[in-house]
Amino acid sequence: MDCFRHLNPFRACAGLRGLGYLMVAIVLAIVAVSYYAVVIYSWGPMLLDGAAAAAGAAAVLAAFHVLLSLIMWCYLMVVFTDPGSVPENWRHDAEDSGDPASSTSEDQGTAPRYCSRCQNGKPPRCHHCSVCDRCVLKMDHHCIWVVNCVGARNYKYFLLFLV
Ligand SMILES: [Zn+2]
Ligand SMILES: [Zn+2]
């Protein structure tokens, strides 16, 4: 079994770190192209046309700017919000495991987990990200588009960004 431990395919994911903020630049470039196409090329010039066309164009441009600022806010929040780290020297509470009222069916029978990379305890639903090289609380996945892990503290913004 020891040989399989050395053949961890997820180690290759660490190479994704090299992409870094290039992905953020690509996202901003896509937004810039969309902005040019919608505001400067198509709807913007219509503001100078007749009154009826100008009113329609103004409504479309207002909606576009509201949606654009919401998506950019969500995106930047996912990028710059810490997804949630495990406090240093975190350990499972020994009293919790013996108290049937506080244990759920999910964590019954599971041994306390330990991350050998971070040299720290692992709370339930916490995973070690091989790209960030750290443990992340309630980790969903490492997203290369946001150069960050999606975890407990930025999941809400990630979901809103997708919507
Ligand atoms: Zn870890
Ligand atoms: Zn990560």
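Let's start at one residue: His-142 sits in strand β5. Strands here are DSSP runs of E with at least two residues, helices are runs of H or I with at least four, and both are numbered from the N terminus. This is a predicted model, where local features need pLDDT of at least 70, side-chain atom pairs count only at pLDDT 80 or more, and totals for chains, interfaces and linings use all residues. Residues are numbered from 1 along each chain as its sequence is written, chains are lettered from A and ligands numbered from 1 in the order in which they are written, and side-chain values use heavy atoms, with hydrogens and water left out.

Back to the histidine. Leaving out residues up to four places away in sequence, His-142 touches Cys-129, Val-131, Cys-132, Val-147, Asn-148 and Cys-149. Contact means heavy atoms within 4.5 Å. Is His-142 buried or exposed? Buried, at a relative accessible area of 19%. The cut-offs: buried is under 20% relative accessible area, exposed is over 50%, partly exposed is in between, with a 1.4 Å probe and protein chains only.

Now the metal. Which protein atoms are the donors of the zinc ion (ligand 2)? They are Cys-129 (SG), Cys-132 (SG), His-142 (ND1) and Cys-149 (SG), at 2.0 to 2.3 Å. A donor is an N, O or S atom within 2.8 Å of the metal, or 3.2 Å for Na, K and Ca; water is not among the atoms, so sites may look incomplete. The site of ligand 2 is tetrahedral, with angles of 99 to 118° among its 4 donor atoms. For four donors, tetrahedral requires all angles between 85 and 135 degrees. Along the chain, the donor spacing reads C-x2-C-x9-H-x6-C. Cys-129, in strand β3 (residues 127-129), and His-142, in strand β5 (residues 141-143), are 13 residues apart, and the pair links distant parts of the chain. Cys-129 is buried, at 2% relative accessibility.

Next, the zinc ion (ligand 1). Its protein donors are Cys-115 (SG), Cys-118 (SG), His-128 (ND1) and Cys-135 (SG), lying 2.0 to 2.3 Å away. The angles run from 101 to 124° among 4 donor atoms, and the site of ligand 1 is tetrahedral. Donors of ligand 1 follow the spacing C-x2-C-x9-H-x6-C. Cys-115 is in strand β1 (residues 113-115) and Cys-135 in strand β4 (residues 134-136), so this pair ties together parts 20 residues apart in sequence. Cys-115 is buried at 4%. Cys-135 is buried too, at 6%.

Zoom out to the whole chain. There are 5 helices and 6 strands. In sequence order, the pattern is α-α-α-α-β-β-β-β-β-β-α. Of the 163 residues, 25% count as buried.

An unreviewed UniProt entry annotates residues 21-44 and 50-76 as "transmembrane region". UniProt positions are in the numbering used here, feature names are shortened, and annotations may be inferred rather than shown by experiment. In the model, residues 21-44 are 92% helix and 0% strand, with end C-alpha atoms 31 Å apart. Residues 50-76 are 96% helix and 0% strand, and the end C-alpha atoms lie 38 Å apart.

Last, confidence. pLDDT is the predictor's confidence in each residue, from 0 to 100. The chain mean is 85, and 81% of residues reach 70 or more.

Notes
Tetrahedral: all angles 85-135°; square planar, octahedral: opposite > 155°, others 65-115°.
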